[in-house]
Amino acid sequence: MHTSEDPKGASSDEGIRSDPKYWANAFRGTPLAIVVPPYIRFMQGQISLRRALNFLVVAQREALAGNPRLQPILEGMNSSTEAKQADRSFETFFASTHVIALVSEVEHFFANTVSTALRLYPGKMGSHTFRLTEILAASSTDELVDRAASATINELMYEKPLDYLAGLCAILSIEKQSLEIHWPNFVELKARRDLGVHNDWLVNAVYLRKVKEARLEQAPLPGTRLIPDFQYLTQSIELCDTLVGAIANLLGEKWIPIATEIKRLNPGQDGDLQPGAA
């Protein structure tokens, strides 16, 4: 997978297909180019977060071992009024904040890829109804397609976990089999993020329902506090990197030939041609 900080070092076809620089070049001048910025942002964010986390893990270990310069800093942060009021340590505050941000970045990548696919292939959206006033107020049919795409994405986000994966793959025209091994843990990560945002990290019925729907065998008791630590954040980074990388490989395999064909049929154009049904 593409966890290396130097994507140029990838030698396999999969590595090339998921290389952000290769994406940028392959999709440039086509409607598919819109997926490149969020993908690059995700990759760059992963590298920065991994570096920061590695540094903080080492620094905390040294502080706990009695380093005379680091120990008082860590103790001061953990015993501060703010930390006590929030019932957080430095470790759990950093980890929980970045778990929330990490899930948001993955969802942003999903939303952009789905949006791109729906705008290229509006038939994937099914039926959407607009009021006459909305039709008259729209500046073009493209605006109506954009609205329908946004509604489809919103509906997809609230599907049951396994239906969400199936719907995502159907819209993107990719096979879900290689993603199924990672999906249950991503569902748990999303559900835990929701606990942090809405329920102070305490397990509730919604969390238990989601992990059950994802077919995860073990579930904590209601009321258990699942605030992330450095270990959970590390595992989450690896999970998201692997999941997004797997989707990027599949998209590269599917979409790079489409981009090549658009450029062949539309030389010197901005790539606004719709290539047809995927």
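View 1. The model is predicted, so local features need pLDDT of at least 70 and side-chain atom pairs count only at pLDDT 80 or more, while totals for chains, interfaces and linings use all residues. Residues are numbered from 1 along each chain as its sequence is written, and side-chain values use heavy atoms, with hydrogens and water left out. D200 forms a salt bridge with R225 at 2.9 Å, N to O; the term requires a side-chain nitrogen of Lys or Arg within 4 Å of a carboxyl oxygen of Asp or Glu. The two residues are 25 apart and link distant parts of the chain: D200 sits in the loop between α10 and α11, R225 in the loop between α11 and α12 (230-265). Helices are DSSP runs of H or I with at least four residues, strands are runs of E with at least two, and both are numbered from the N terminus. R225 is partly exposed because its relative accessibility is 30%.

**View 2. K210 and D194.** The closest N and O atoms of the salt bridge between K210 and D194 are 2.9 Å apart. This pair also links distant parts of the chain, with K210 in helix α11 (residues 205-213) and D194 in helix α10 (residues 183-198), 16 residues apart. K210 has 21% relative accessibility and so counts as partly exposed.

View 3. A salt bridge joins the side chains of E213 and R209 at 3.4 Å, N to O. Both residues belong to helix α11 and are four residues apart, about one turn of the helix. R209 is partly exposed, because its relative accessibility is 41%. Elsewhere, salt bridges that share partners connect E107, K190, R193, D194 and K210 in one network. The count of salt bridges comes to 13.

**View 4. Lining of the largest pocket.** The lining of the largest pocket has 16 residues, and M157, Y158, K190, D194 and K210 lie nearest its centre. Elements giving two or more residues to this lining are α9 (161-172), α10 and α11; α10 gives the most, with six residues. A pocket is an open set of points on a 1 Å grid over the protein atoms alone, where a 1.4 Å probe fits and protein lies on both sides within 12 Å along at least five of seven lines; lining residues have an atom within 4 Å of a point.

How values were computed:
Buried < 20%, exposed > 50% of the residue type's maximum accessible area, 1.4 Å probe, protein only.
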